[in-house]
Amino acid sequence: MPARGHTFVDPGFPAELARIRGASGMSIRDVARRIFYGKSYVHDLETGRTRPTAEIAQQLDDMLQAGGRLAAMVVDTPPVTTPDDEQRIACAVAEPTRLDGTTVRLLAEVLANQRRLDDTLPALLLLPAVIPQWNTVRRLTAHASGRHAAGLHEVTAEWTQFVGWLHAEARHDGEAVRVLVEAADEADAVDSGPLAAQVENFRGYLERQRGNPRGIVRHFLAAYHTPGAAALQRVGDAVQTAHGYALLGDRAPAARLLGEANDLTTAAESQPPPGLAYWLTPTFSRMSLGLAYLALGDRTTSVDNLRAGLEGLPADQRDAEWTQEYRDALLAAAG
């Protein structure tokens, strides 16, 4: 059977539709007549009782002249699993003791696809779909047994970490901390240095969004010193710790860590990034270098690094939600 895609709907769509329609001066009946649907259907879209399709969202956007705001809130994504794949996963959930390697692989592919979607879709759009899947995988993991259970535990640990990241990105700060603490325990349980380091990295990111320099230093420094962390992870964590020290006005440890990051770069360039941090490249950390040098007052070097890092991103990552702070920093440094 053919693979099926998924439609992601921003939970704010009903309210935004109602707001835009109200601002246009049109009634629900007017809108329904123009898109050739019943009044009750439009009412249900505005109350959240009915999920819109991407096609309907585009029609409403065009008709209400919303400038793409409504269309951007409903996104169809390429298929990952077929109905047969979904049936296999459902059977494993129903009978966890019969977990097989194919099911673990399929779940890993679903997670990998969700990570890639985070490069193009807002976290608020992803969370309503990701969380139910994560909860299902956690229930399966709790009861799975046999030789494939260990592999499933690793996938679940990555999934927990990803959900924590999405919450951090969406600025659900309390929930992000709660989930990432759980992710740290799971990373240790599966004995993964890269996973454990990445959890601390995400905690450092959250503290940066909060404007808490000591939190930045605390978590990125923990990531930097995590046993088993990949070389590319350690480069980025050293740089981001340096940024925290620079924000605190501690120039000496900031300079020392930037030097250590530079020394690590040569070794890191010859090693691939861990799969759970696929986005890491030798040029990726130049964006963080830009933040550090901006905090140190070196605007010229900051601009050079921010620009090189942003330009070095793959095309599908350049407009990702998490790049906004680097683009804002580039404007600040250049200005």
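Let's start with glutamate 207, which sits in helix H10, a stretch covering residues 193-210. Keep in mind that this is a predicted model. Is glutamate 207 buried or exposed? Its relative accessible area is 4%, so glutamate 207 counts as buried, because anything under 20% falls in that class. The side chain of glutamate 207 has a polar partner, too: it makes a polar contact with the side chain of arginine 210, at 2.8 Å. If you skip the neighbours within four places in sequence, glutamate 207 is in contact with Asn212, Gly215, Ile216 and His219.

Now move over to helix H2, residues 28-35, and look at how it packs. Two packed helices are described by the angle between their axes and the distance between the axes. With helix H3 (residues 39-47), H2 packs at an angle of about 115 degrees, the axes being 8 Å apart. That makes the two roughly perpendicular, and their crossing is right-handed. On the H2 side you'll find Ile28, Arg29, Val31, Ala32 and Ile35, which meet Lys39, Val42, His43 and Glu46 of H3. Sorted by class, this contact has 5 nonpolar, 1 polar and 3 charged residues.

H2 also meets helix H4, residues 54-64: their axes come within 11 Å and cross at roughly 115 degrees. So H2 is roughly perpendicular to H4, and H2 passes H4 in a right-handed crossing. Which residues make the contact? From H2 come Val31, Arg34 and Ile35, and from H4 come Gln59, Leu60, Met63 and Leu64. Here the classes are 5 nonpolar, 1 polar and 1 charged.

Definitions and conventions: Residues are numbered from 1 along each chain as its sequence is written. This is a predicted model: local features need pLDDT of at least 70, side-chain atom pairs count only at pLDDT 80 or more; totals for chains, interfaces and linings use all residues. Side-chain values use heavy atoms; hydrogens and water are left out. Helices (H or I, at least four residues) and strands (E, at least two) are DSSP runs, numbered from the N terminus. Buried means under 20% relative accessible area, exposed over 50%, partly exposed in between (1.4 Å probe, protein chains only). A polar contact is a pair of N or O atoms within 3.5 Å; within protein, one must be able to donate a hydrogen and the other to accept it, and residues adjacent in sequence count only if both atoms are side-chain atoms. Contact means heavy atoms within 4.5 Å. Axes are lines fitted to C-alpha atoms, for helices over the stretch in contact, and angles run from 0 to 180 degrees between N-to-C directions. Angles under 35 degrees count as roughly parallel, over 145 as roughly antiparallel, 65 to 115 as roughly perpendicular and the rest as oblique. A crossing is left-handed if the near helix is turned anticlockwise from the far one by less than a right angle, and right-handed if clockwise. Ala, Val, Leu, Ile, Met, Phe, Trp, Tyr, Cys and Pro count as nonpolar, Asp, Glu, Lys and Arg as charged, and the others, Gly among them, as polar.
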